[in-house]
Amino acid sequence: MTTEQSPDVTVLLRAWSAGDPAALDRLTPLVYVELRRLARRHMRNERAGNTLQSTALVNEAYLKLVGQQSPDWQNRAHFFGVAAQVMRHLLIDHARSKRYARRGGGGTVRITLDDNVAAAPGESVDLLALNEALDRLDAIDERKRRIVELRYFSGLSVEETAEVLGLSVITIKREWLKAKAWLYRELNQS
């Protein structure tokens, strides 16, 4: 995410939150480009033959984001943090529908996790297993779950994640390492 657009996006998000419909018109092309980048990043982790396309993911996420009643966007990082949650839920819903569409609910949707989360390089992880692990992490440490969502699902930098959560950069780095280690253990239990 480029910081050179950050002030404009933040100003437009706040104007839109305050009820300025023209701000949404000016904001749309700015955030749509970034949402496409996020969607491509997510789709890159999907297996070949996935029926969900990045354009569909962007469009669904965008509709959910702009369809919110009285949004209260704090800044650009907050908006993209919420976008990460929306994309995560859309991907999970898609994975569930694919799993249940197969006979007996078999089959899994697997993703390749790079160094950003909790798998060995090139190793794939069931997206639904990752989601379940994140739900378990949320039950014991909601902040770590949010950090994973922001870093992995939206691709926010350590600095942007710190801004969204109102924490120091060093805290985000420390919690990110702990969350990855915890997820690795959870996802690789035999």
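User: Which ring does the charged end of Arg151 sit over?
Analyst: That's the ring of Trp176, with the charged end 4.9 Å from the ring centre. A charge counts as over a ring if NZ of Lys or CZ of Arg is within 6 Å of the ring centre and within 35 degrees of the ring normal. Keep in mind this is a predicted model, where local features need pLDDT of at least 70, side-chain atom pairs count only at pLDDT 80 or more, and totals for chains, interfaces and linings use all residues. Residues are numbered from 1 along each chain as its sequence is written, and side-chain values use heavy atoms, with hydrogens and water left out.
User: OK, rings then. How many aromatic pairs does the structure hold?
Analyst: Four. Rings of Phe, Tyr and Trp (its six-membered ring) pair if their centres lie within 6.5 Å; planes under 30 degrees apart are stacked, over 60 edge-to-face, and the rest tilted.
User: Why is the pair of Trp73 and Phe79 edge-to-face?
Analyst: Because their planes are at 75 degrees, with the centres 4.9 Å apart. Phe79 also makes an edge-to-face pair with Phe80, at 5.1 Å centre to centre and 85 degrees between the planes.
User: Are Trp73 and Phe79 buried or exposed?
Analyst: Both are buried (under 20% relative accessible area; exposed is over 50%, partly exposed in between, using a 1.4 Å probe and protein chains only). Phe80 is buried too.
User: Which residues do ring pairs link into a cluster?
Analyst: Trp16, Trp73, Phe79 and Phe80.
User: Switching topic: what's the relative accessible area of Arg76?
Analyst: It's 4%, so Arg76 is buried.
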